[in-house]
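Look at the sequence and the structure below.

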Amino acid sequence: MDSNPPAPDPSPADHRPVLQLRLVVEADDYEQAVIFYRDVLGLPEQAAFEGEGDARVTILEAGRATLELANPAQRRMIDDVEVGHPTEGRIRVAFEVTDAEGGTRRLVDAGARLVAPPTVTPWQSLNSRLDAPAGLPITLFQELAPLEQREAMDGFGTDEERHG
């Protein structure tokens, strides 16, 4: 008789090929970046590690992760809506928050540079754009309407629905 109990059935999530998105960012001013993202933005610390030669990393939880892929025309449109002009770089980190205006003020007070104040977008979110520590362009966004309402708007839906 086997004394080891059978392993539990894995959950459906365990069958996904990717379980987590982790964005790794090198920060020249590591302490400032940790304070900004952990203490001011409010991302809970999951773990922190130290190694030889002053090697340090802090892993912060950022809620649910998604990867937003945009073609150049969409990127230009987002820049136009959020900022009013094209911006540099191919990567921008967006954080969903419950209070975009208050969050924007806190981040600016903590050293982020305001690129564009909170603006209502055509997709019914309130978005602000900032240049944050570690050289990250970030967007804070607050959803103003439930997904079900936004999905009913022109241009929304999945690629499969649009292109069958």
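R56 sits in strand β2, which covers residues 55-60. Strands here are DSSP runs of E with at least two residues, helices are runs of H or I with at least four residues, and both are numbered from the N terminus. The model is a predicted one, in which local features need pLDDT of at least 70 and side-chain atom pairs count only at pLDDT 80 or more, while totals for chains, interfaces and linings use all residues. Residues are numbered from 1 along each chain as its sequence is written, and side-chain values use heavy atoms, with hydrogens and water left out.

Buried means under 20% relative accessible area, exposed means over 50%, and partly exposed lies in between (1.4 Å probe, protein chains only).

Leaving aside residues up to four places away in sequence, R56 touches Y30, E31, F49 and E50; a contact means heavy atoms within 4.5 Å. Y30 is 26 residues from R56 in sequence, yet their C-alpha atoms are 8.4 Å apart in space. With E31, the side chain of R56 makes a polar contact of 2.3 Å. A polar contact is a pair of N or O atoms within 3.5 Å; within protein, one must be able to donate a hydrogen and the other to accept it, and residues adjacent in sequence count only if both atoms are side-chain atoms.

Side chains of opposite charge can pair when their charged atoms come close. A salt bridge is a side-chain nitrogen of Lys or Arg within 4 Å of a carboxyl oxygen of Asp or Glu. By this rule there are nine salt bridges.

One of them joins the side chains of R129 and D79, at 3.0 Å from N to O. R129 belongs to strand β5 (residues 125-132) and D79 to helix α2 (residues 72-82), so this pair ties together parts that are 50 residues apart in sequence. R129 counts as buried because its relative accessibility is 4%, and D79 is buried at 2%.

Another salt bridge is formed by the side chains of R113 and D131, at 2.5 Å from N to O. This pair links distant parts of the chain, with R113 in strand β4 (residues 113-120) and D131 in strand β5, 18 residues apart. R113 is partly exposed, with a relative accessible area of 49%, and D131 is partly exposed at 31%.

R150 pairs with E143 in a salt bridge whose closest N and O atoms are 3.5 Å apart. Here R150 is buried at 10% relative accessibility, whereas E143 is partly exposed at 26%.
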